[in-house]
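User: Hi! I would like to learn how to read aromatic pairs and nonpolar cores in a protein model. Could you walk me through a case?

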Amino acid sequence: MFEPIVNAIKGEFAEKAQSVLGLESAQIEPTLKCVSGSLVDTIKKQVFGGKLDDVIGLLTGNNAADASNPLMGALSSGLIESFTSRMNMDGAQAQKITDFTVPFAVEKIVEKFKESGHTADLDGFASFIGIDKNILKSVSDGIGGFFGNIFGTVYDLSTISILWFEGASAMAGL
């Protein structure tokens with residue numbers, strides 16, 4: 001989904017990661033993979049959680065890319081979690097890299113979006129990331145909730161069945 005964007009900013013990120021963050025060249029590729037994976041995962045969670053408009057607003061430059069934006073907080077906390085769990089970084093190092101990387105990545109995505117000439121709405125954003133707008137909208141509007149409801153119902157029915165069979169077994173034993 002965002003692979004072309006990640007590839008486009010890869011070189012600039014590598015340069016900045018060494019000069020600003022002091023990362024060694026061997027650390028850059030794993031760091032970039034962790035960053036791109038975490039950011040994409042967080043964005044997907046936000047879209048599936050019904051926050052498509054917030055994602056579009058941030059990544060098209062219509063919403064503030066600062067600490068006041070809850071999506072920036074979600075991106076940062078997701079990245080810190082990824083750094084500490086996947087790369088075994090200590091919290092301070094993860095925070096330092098995250099404080100640089102999230103604003104940098106969002107800024108670069110916004111730049112690429114604006115260069116693309118797409119409109120800052122669902123149609124333009126869907127075209128930019130290469131996904132059909134109807135699929136993107138339906139995922140955000142309810143398929144996630146639909147599957148949640150289906151899973152919840154199946155879970156409830158299976159729990160009731162298990163308890164019924166347990167009760168029947170206990171009664172048969174008496």
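This is a predicted model: local features need pLDDT of at least 70, side-chain atom pairs count only at pLDDT 80 or more; totals for chains, interfaces and linings use all residues.

User: How many aromatic pairs does a search of the whole structure find?

Analyst: A pair of aromatic rings is described by the distance of the centres and the angle of the planes. Here rings of Phe, Tyr and Trp (its six-membered ring) pair if their centres lie within 6.5 Å; planes under 30 degrees apart are stacked, over 60 edge-to-face, and the rest tilted. The search of the whole structure finds three such pairs. One of them joins Phe13 and Phe104: the centres are 6.0 Å apart and the planes at 50 degrees, so this pair is tilted.

User: Which helices hold Phe13 and Phe104?

Analyst: Phe13 lies in helix H1 (residues 3-19) and Phe104 in helix H5 (residues 91-116), so the pair ties together parts that are 91 residues apart in sequence. Helices are DSSP runs (H or I, at least four residues), numbered from the N terminus. Both Phe13 and Phe104 are buried, meaning under 20% relative accessible area with a 1.4 Å probe, protein chains only.

User: Are the rings of Phe100 and Phe104 stacked or tilted?

Analyst: Their centres are 5.3 Å apart and their planes at 20 degrees, so Phe100 and Phe104 are stacked. Being four residues apart in helix H5, Phe100 and Phe104 are separated by about one helical turn. Phe13, Phe100 and Phe104 form one aromatic cluster.

User: Which residues touch the most other members of the largest nonpolar core?

Analyst: In soluble globular proteins, nonpolar side chains tend to be buried together. A nonpolar core is a set of buried Ala, Val, Leu, Ile, Met, Phe, Trp, Tyr and Cys residues joined through side-chain atoms within 4.5 Å. In the largest one, with 39 residues, Leu75 and Phe83 touch the most other members. The largest share of this core, ten residues, comes from H5.

User: What does Thr31 touch?

Analyst: Contact means heavy atoms within 4.5 Å. Leaving aside residues up to four places away in sequence, Thr31 touches Phe13, Leu23, Phe83, Met87 and Ile97. Thr31 is found in helix H2 and, at 0% relative accessibility, counts as buried.

Key: Residues are numbered from 1 along each chain as its sequence is written. Side-chain values use heavy atoms; hydrogens and water are left out. Helices (H or I, at least four residues) and strands (E, at least two) are DSSP runs, numbered from the N terminus. Buried means under 20% relative accessible area, exposed over 50%, partly exposed in between (1.4 Å probe, protein chains only).
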